[in-house]
Amino acid sequence: MKQRLNQQEQQRKDALQVALDKTTKELGKIPAPFAFFFMGSAGREEQLYQTDQDHGIIYDGEEACQRYFLTLGEEIVKALEDKGYERCEGGVMASTKRWCRSYKEWNEQLDFWIKENQFEHVRYLLTFFDSRTVLGDSQWLTHLKQRLFLEIKEGRIPMSRFTENTGRIPKGLNGFGQLLEEQYGEYQGTINLKEQVLFPYVNGMRLLALQEGIDAASTLERMQQSAFINSEQHVMASFLEIQTKRVLWGENHGTFTHVFPETLTKEERKFLKKCIREGRSFYRSIQQNHE
């Protein structure tokens, strides 16, 4: 698994360097300190294949700098596209003004999202929280996350709003304990590994990280730093094992998102059912604490 993740990470870093070189050649040197960050599965260091892009920029400069950084953001989008990463349909990219702002404007935007407290704004906060700096100075992102922790601690945005926004986790088993396979479409007859198996762990740890003030973006790092997980080590062990098996199954069957249960051994199917039960139980226990 680590080798696969490292390959994807290097591919993205190569694209960033191409974009940076092109921008500085055409527009001159970078006008202010900045941080470029990934969000989503790339932010969590869990991106095993080319999905769509989720990223942003924070810069410590005047409004006039925005044109430069929006151009850099667009060059990054193009370079990642050339590597097989599709543009985000929702526009969660550093080439858009919402996700490319000065540090001062980012603080104001967080203020707005928190005070308005609407479903879409809470979704933006959750998206932003799964972020890590991959180019530039990480302090800007760290400061903004610390600001979010303070707002939660002081009750200006209740944890219940995050649990409401996380959404319903698809069932993985039916009432008889059998695996629930996709009924239609391209993946008919498969189990959705991302949504049915991994998301309960990922979403649950995001909520725990917000609650406990853990600014790491990686689900595994969040688990390693969590006081709650310290007494629930089996959760981390299962998450690690299912990620490893996901790589193996993906390389054997050509997809890292789905698996055909019929291709698995009896023990693998048993393990998959265990993870589905454990993940849902783990997620529900966290969700219920904030209802």
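Author: One cut-off comes up again and again: buried means under 20% relative accessible area, and exposed means over 50%. The model is a predicted one.

Reader: Is Phe69 buried or exposed?

Author: The limit for buried is under 20%. Phe69 has a relative accessibility of 0%. Phe69 is therefore buried.

Reader: How are the rings of Tyr59 and Phe69 arranged?

Author: The whole structure holds 17 aromatic pairs. In the pair of Tyr59 and Phe69, the ring centres are 4.8 Å apart and the planes meet at 10°. Planes under 30 degrees apart count as stacked. The pair is therefore stacked.

Reader: Which elements hold Tyr59 and Phe69, and how many residues apart in sequence are the parts that the pair ties together?

Author: Tyr59 also has 0% relative accessibility, so Tyr59 counts as buried. Tyr59 belongs to strand β2 (residues 55-59), and Phe69 to helix α3 (residues 66-82). The pair therefore ties together parts whose separation in sequence is 10 residues.

Reader: Is Glu62 buried or exposed?

Author: Glu62 sits in the loop between β2 and α3. Its relative accessible area is 62%. Exposed starts over 50%. Glu62 is therefore exposed.

Reader: Which residues does His121 contact, beyond its neighbours within four places in sequence?

Author: His121 is part of helix α5 (residues 119-129). Its relative accessibility is 8%, so His121 counts as buried. With those sequence neighbours set aside, the contacts of His121 are Phe112, Trp113 and Glu116.

Reader: What do the buried residues of α5 pack against?

Author: Buried residues in α5 include His121, Val122, Tyr124 and Leu125. Leu126, Phe128 and Phe129 are buried in α5 too. Their packing partners are β1 (34-38), α4 (103-116), α6 (139-153), α7 (159-166), α8 (193-212) and α9 (219-225).

Reader: Which element gives the largest share of the largest nonpolar core?

Author: The largest nonpolar core has 60 residues, and Phe162 and Leu272 have the most contacts inside it. At least two residues of this core come from each of β1, α4, α5, α6, α7, α8, α10 (233-253) and α11 (266-288). The largest share is 10 residues, and the element is α8.

Reader: Which residues form a cluster through ring pairs?

Author: Rings pair if their centres lie within 6.5 Å. Such pairs join rings into one cluster here. Its members are Phe37, Trp99, Trp106, Trp113, Tyr124 and Phe128.

Reader: Where does the charged end of Arg12 sit?

Author: A charge over a ring must be within 6 Å of the ring centre. Lys245 lies over the face of Phe271, 5.6 Å from the ring centre. The charged end of Arg12 is 5.5 Å from its ring centre, and that ring belongs to Phe38.

Reader: What is the radius of gyration of the protein chain?

Author: The protein chain has 11 helices and 6 strands. For 291 residues the globule rule gives 19 Å, and the chain's value is close to it, so the chain is as compact as a globular protein of that length. The radius of gyration is 20 Å.

Technical notes
Residues numbered from 1 in each chain as written. Predicted model: local features only at pLDDT ≥ 70, side-chain atom pairs only at ≥ 80, totals over all residues. Heavy atoms only, no water. Helix = DSSP H or I, 4+ residues; strand = E, 2+ residues; numbered from the N terminus. Buried < 20%, exposed > 50% of the residue type's maximum accessible area, 1.4 Å probe, protein only. Contact = heavy atoms within 4.5 Å. Phe/Tyr/Trp six-rings, centres within 6.5 Å; stacked < 30°, edge-to-face > 60°. Lys NZ or Arg CZ within 6 Å of the ring centre and 35° of its normal. Rg over C-alpha atoms; globule rule 2.2 N^0.38 Å. Core = buried A, V, L, I, M, F, W, Y, C linked by side-chain atoms within 4.5 Å.
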